[in-house]
Amino acid sequence: MNTAVKKQVQKEDAMWLQKELINRNYHELATAREHNRKVSATFVPGNLNELLMCFDFARSLPETNALQNGMRKKSGKMIMDAERDGHSEDVCTYVKADLGMMLQGQVGPTGDPLPHPDILLLSYTGCFTFMKWFELVRQKYNCETVMLHVPYQGDGKVSPAMRDYVVKQLKEKVIPSLEKVSGVKFDIDRLRQYMRESVKAEENLVRVLQSAKQRPSPIDGYFGAVYYIGPMFTAFRGMPEATRYYDTLWAEVEQRMREKKGPVTPEGEIAEEKYRLVVEGPPNWTSFRDFWKMFADEGAVVVASTYAKVGGVYDFGFRHDPERPLESLAEYCLGCYTNLNFPQRIDMICRYMDEYQADGLLINSIKSCNSFSAGQLLILREVEKRTGKPAAFIETDLVDPRYFSAANVKNRLESYFQMIKQKRTAGAH
Amino acid sequence: MKCFIGIDLGSTTTKAVVIDESRSVLGRGITNSRSNYDTAASIAKQEAMVAARFHLFREALAKGGALNGGLEDFIAQLERDFRLEQFLEQLADLEQVCGRNVANARFGDAAKGVAAALVEVFKRLREEAPTLFAPGAKRKSDFFRDIAGSRYLAVSEQVAKDAGLRYDMLLNVFDRSIIEVENRVYADAVKGHLLDALERTFVALPGTRKFAEKIRNPIQSVIDTALEETYVVGTGYGRARLPFSKEHIRSEILCHGLGAHVMYPSTATVLDIGGQDTKAIQVDKHGIVESFQMNDRCAAGCGRYLGYIADEMNMGLHELGPLAMKATKTVRINSTCTVFAGAELRDRLSLGEKREDIMAGLHRAIILRAMSILARSGGIRNEFTFTGGVAKNEAAVKALTGLVRENYGELTLNINPDSIYTGALGGATFAWRAVMEEGKAAEHREAA
Amino acid sequence: MSTKENRVTEIISRCSALFEDLEFGAVKKWKAAAPGRKAIGYMPVYVPHEIVHAAGMLPVGIFGGGDQLEVIQGDAYYQSYICRIPRSTVELGLTGRLDCLDGMLFPSTCDVIRNLSGMWQIMFKNKYVRYVDVPQDYDDAVGGQFYIHEMQQIREDLGKLAGRPVTDEALRASIVVYNAHRKAIRDLYAYRAAKPWQAPTAEVYLLLRAGCVLPPEEHTRLVHDYLAACETQQRPKRDNARVVVTGPFCEQPPLGLIKSIEMSGCYIVDDEFMLAFRWLMDEVEETGDPMQALSKAFLHRSAQSSSKYDARKEDKGRFLLHQVKSRGAEGVVFAAPSFCDPALLERPMLQEILARHKIPYTAFKYAENTGQMAPIREQAGTFADSIKLWSAA
């Protein structure tokens with residue numbers, strides 16, 4: 001999840017490690033065929049990386065490919081190609097960027113070719129579009145597809161029936177399909193071993209994200225966190241390399257905490273933390289740095305975000321459990337942020353507002369993503385009501401450059417920051 | 001004397017308001033935003049300062065009592081004469097620039113003819129200028145670009161015809177020249193223009209000449225009074241382009257909230273419908289913004305929608321409201337999407353609906369959008385202040401009044417004829433507060 | 001005064017009144033007829049009505065606010081890129097029009113309806129609200145078991161609400177009632193496909209919509225009455241193109257749009273309106289374990305829709321192809337609500353399959369309050385003409 005390398009961009013060691021991981025993964029994908037490796041594709045929320053690793057798959061994540069293409073300013077053309085191919089302008093641009101990339105000859109964001117997947121693991125978790133996305137890919141490229149239906153937490157809890165349903169699908173559908181396609185026999189001890197590795201990384205990720213409770217926060221829990229969650233939520237959780245990444249990252253963050261330093265942005269360090277915000281909703285990728293700069297320039301630091309929990313929610317105690325491997329995979333899927341119901345999402349945000357001593361809530365409403373966006377205006381209203389803190393609303397898109405109006409977003413952000421400031425000043429009278 | 005200035009850089013017009021130490025409004029100025037925000041801000045400010053002078057003239061002359069009963073007529077004449085002086089200077093400037101541009105244009109053999117025609121055009125423009133500023137003369141706009149432009153068009157057409165010259169050449173020269181001229185600020189000339197205008201006024205109102213000294217002295221003393229730009233606050237969509245430090249810039253939301261509060265101190269909810277966006281703002285009893293919502297990325301239901309409808313109907317924007325007021329029923333219009341509105345409009349017309357009834361429906365549709373944005377921001381509380389260009393549209397006001405009553409019951413709806421200056425007034429008040437109340441105090445608190 | 005000739009008009013004007021009544025007078029009347037009666041709303045596409053019915057309650061279909069509802073508060077909750085049905089539904093709720101409902105069921109149609117379930121929990125705290133998940137795995141032992149749990153939960157909840165448990169017997173009885181209802185609807189669709197000029201879709205649609213607020217027994221009778229009445233009068237047959245309309249399974253088009261399609265020269269011979277009533281495609285087992293029976297019907301004998309996963313690639317489009325072939329349709333009209341993820345993401349896949357089978361199609365979007373019909377008339381008219389030219393060639 002790196003932006004294009006530029007000399008003046010500030011990066012920490014962990015950043016370089018991550019970049020290496022990502023590049024290596026794209027390289028593995030590019031050379032999978034020559035190395036006789038099978039290729040899997042699956043989604044970020046509740047992803048089953050440890051399980052896929054048990055079958056030696058080279059692992060592709062279409063969402064990540066789309067966002068990487070967005071950051072590299074390649075997505076606009078891909079989306080338009082997909083629309084020319086008959087897709088509606090109304091629907092998710094991740095899907096269209098992915099299909100557009102395939103139409104353009106399936107060259108990945110790093111310029112390496114991306115092979116068509118041998119299996120689509122349709123982990124249907126927290127997003128309706130996933131289902132159609134892989135149906136579309138299946139229809140066009142004839143990929144083997146296996147569905148993992150993860151029920152929604154409609155009444156705010158995971159019932160035993162829900163968990164059993166997911167576990168049963170894993171045992172009877174997912175694992176046999178993965179075995180068949182990969183030719184590798186499933187070994188549950190291998191899964192346990194990966195999970196042990198996952199837990200170490202998870203512990204450190206939680207420490208890093210929770211470091212933002214300190215004033216000043218040593219990290220940005222949204223723009224910065226996007227990088228921190230990268231290895232965890234994609235193809236690397238369970239690998240020793242990921243564990244090492246999180247060790248390094250935590251050491252860096254700890255150091256910054258000791259030195260009372262603020263977050264590092266691509267433009268440099270934030271000298272003075274003026275506003276502490278909680279953000280709901282995914283970021284925009286096509287103007288990611290400009291977007292971040294609008295916050296950094298005003299001294300606005302995001303101390304917690306729901307997007308940093310999009311793959312899985314760790315900060316309330318969940319860890320992969322090698323003792324109950326399949327059950328814990330099921331719980332991971334069931335517990336990811338977009339699989340939570342509205343009261344849960346609102347509770348979580350209010351909790352962040354309190355625990356991270358935030359000045360307000362900002363909602364970045366994403367046109368593509370109904371799972372996140374439908375009803376966010378109620379979240380805004382409820383959080384304002386419950387916390388008494390001001391909330392603001394902006395609209396962008398994931399990877400559709402046509403849907404990022406910099407002047408518009410900046411205007412609203414500035415108004416919002418000034419409102420917080422004015423309220424604070426008035427409160428001090 | 002100390003002056004506190006707010007400048008609101010909108011997408012179509014730039015407004016400025018000057019207030020004094022006691023927070024009385026001294027003057028307001030407005031100009032078109034052009035492509036050059038700097039100039040627009042300078043000119044709006046200068047206009048407001050000129051208005052402030054007139055305000056002070058009025059006060060000083062009233063105190064002197066020399067024009068007992070004739071004060072308003074005198075001031076009005078003086079203002080017209082001042083505008084004329086300003087116009088003449090800009091006209092002279094335009095003539096010069098046009099002359100230069102003829103020389104640079106590739107008119108070939110025609111250049112000489114064009115140059116000669118220009119001399120004639122400007123001669124006629126100068127001659128007719130006083131009639132443009134005569135009592136009762138109607139101008140569609142007070143902006144130099146518009147007045148000079150429309151007259152130039154008319155006069156040059158005639159001149160071109162008489163001289164057997166291509167009209168488009170003359171138009172071309174004007175188009176090349178006007179931007180340069182309209183982006184010039186004539187700040188230094190104001191005092192001279194005022195004094196020259198005074199002489200014209202004595203000629204126009206010969207009866208006043210006998211009090212010449214009693215009039216000239218207070219005016220001179222006002223002219224001599226330095227109007228100090230104590231503190232300027234910029235706001236509006238183009239605020240980031242202003243050559244101000246961050247401390248001198250406030251968002252238009254904050255300024256709008258405060259401006260509405262200053263106009264109507266009991267304001268709790270503000271609705272502003274402008275050309276490009278719609279804002280709903282909740283303010284506390286000090287005018288501090290508690291929450292706000294703007295139209296989402298889709299510009300449905302903004303003033304621009306009415307502009308689009310006007311274009312579709314081949315009508316002037318200002319004609320829509322009066323037409324809608326003639327409606328005997330309101331046709332339901334569901335689409336506030338500017339793209340679909342045209343189709344829906346034609347559909348209704350083809351079904352035999354009357355234009356005025358459709359217009360009433362369109363106004364209601366816009367206000368319905370605004371009602372949603374208001375609901376988003378926390379609803380409407382008493383008192384409710386409506387600002388922005390659309391607040392001047394009687395049909396929109398009528399629709400709003402009805403919907404507010406249906407949804408929120410009886411409450412006070414404030415609409416100020418000067419509501420276009422709300423943001424600038426808020427800015428000026430911020431400037432005043434910065435100096436008179438807070439000094440740098442607010443900044444210190446912030447840092448602490 | 002009822003003569004045979006105006007019986008159709010009579011039935012349809014009753015349905016029309018029910019359709020236009022955004023105050024849900026019929027539901028209020030039903031509740032008032034006996035003390036303690038309760039009504040449960042459900043949104044599209046599908047919930048197991050039998051359970052609600054077996055609990056002694058009236059299932060009430062909430063299919064948005066149509067084009068006559070002025071939406072103010074509902075709009076305050078949704079961005080411009082979200083479809084229309086949740087905003088009008090919220091409007092209905094916040095204006096008290098749904099106060100007559102004792103609960104709401106939100107099926108797993110899409111993320112918007114899913115999220116609305118949680119919003120409803122927050123906005124209407126004293127009402128019963130449930131998100132109804134349905135399996136996307138179609139094995140009895142896997143998805144089936146989950147679905148039975150899901151239905152069991154609703155059964156227990158409604159039992160509590162009713163003050164008495166919902167017995168297997170009651171469920172079986174309800175299955176019988178709904179089997180009859182499903183049969184009536186199947187007959188209606190078969191009749192219309194056979195004689196579309198006798199049963200125009202604008203009428204069929206209103207008749208279906210009446211089923212949102214009437215008890216199933218009464219609605220079944222009404223459908224029978226309509227079919228009988230239709231046969232008593234001969235209406236002119238036109239040389240129209242026979243089309244299947246696909247896409248409007250959730251947010252409904254305005255009635256004017258349906259009329260526009262017909263007026264432009266199309267006979268609608270199958271569609272996805274009110275798919276809820278036809279979701280289970282044939283009779284549900286009336287004996288044995290009723291929950292098993294409902295589950296099996298869902299897993300193995302339910303309609304395809306874009307809200308539902310197609311387990312195999314080759315399953316895609318089967319239902320639509322079957323609609324086209326079995327009804328003798330000559331083309332397909334894709335009518336999708338704007339911003340409808342399921343319909344719009346599905347569309348290119350279905351179009352590809354139709355193209356492969358050389359079945360012509362046309363596509364447009366609508367909203368439940370779409371005001372301009374001229375472009376749709378034009379498009380559907382051109383489509384009808386082209387079908388006729390195409391078949392003549």
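Predicted model: local features only at pLDDT ≥ 70, side-chain atom pairs only at ≥ 80, totals over all residues.
View 1. Across the interface of chain C and chain A, the rule finds seven salt bridges. It also finds 35 residue pairs in polar contact there, both residues being at pLDDT 80 or more. On the side of chain C that touches chain A, two or more residues come from each of helix H5 (111-123), strand E4 (128-132), helix H6 (140-162) and helix H13 (341-356) of chain C. H13(C) gives the most to that side, with eleven residues.

View 2. Chain C brings 55 residues to the contact and chain A brings 56 residues. Look in chain C for C:Tyr81, C:Tyr309 and C:Leu345, which lose the most area to chain A, together 16% of what that side buries.

**View 3. Chain A and chain B bury about 2,600 Å² between them.** Of this area, 48% is on carbon and sulfur atoms. The contact takes 28 residues from chain A and 27 residues from chain B. Here the rule finds zero salt bridges, while six residue pairs are in polar contact, both at pLDDT 80 or more. Helix H16 (376-387), strand E10 (391-396) and helix H17 (406-427) of chain A each supply at least two residues of the side of chain A that touches chain B. The largest share of that side, 15 residues, comes from H17(A).

**View 4. The largest nonpolar core has 317 residues.** Those with the most contacts inside this core are A:Leu51, A:Tyr94, A:Trp285, A:Phe295 and C:Tyr226. Helix H7 (residues 160-182) of chain A gives the most to the core, with nine residues. In chain B, domain 1 (2-82 + 197-248) and domain 3 (265-415) both give residues to this core, so it lies between them.

**View 5. C:Glu330 sits in a loop of chain C.** The loop runs between helix H12 (318-326) and strand E7 (331-337). C:Glu330 counts as partly exposed because its relative accessibility is 25%. Leaving out residues up to four places away in sequence, C:Glu330 touches C:Asn240, C:Ala241, C:Arg242, C:Pro360, C:Ile387 and C:Ser391.

Technical notes:
Residues numbered from 1 in each chain as written. Chains lettered and ligands numbered in written order. Heavy atoms only, no water. Helix = DSSP H or I, 4+ residues; strand = E, 2+ residues; numbered from the N terminus. Buried < 20%, exposed > 50% of the residue type's maximum accessible area, 1.4 Å probe, protein only. Contact = heavy atoms within 4.5 Å. Core = buried A, V, L, I, M, F, W, Y, C linked by side-chain atoms within 4.5 Å. Domains from an automatic or database assignment. Buried area = accessible area lost by both parts, 1.4 Å probe. Salt bridge = Lys/Arg side-chain N within 4 Å of Asp/Glu carboxyl O. Polar contact = N/O pair within 3.5 Å; in protein donor to acceptor, adjacent residues only side chain to side chain.
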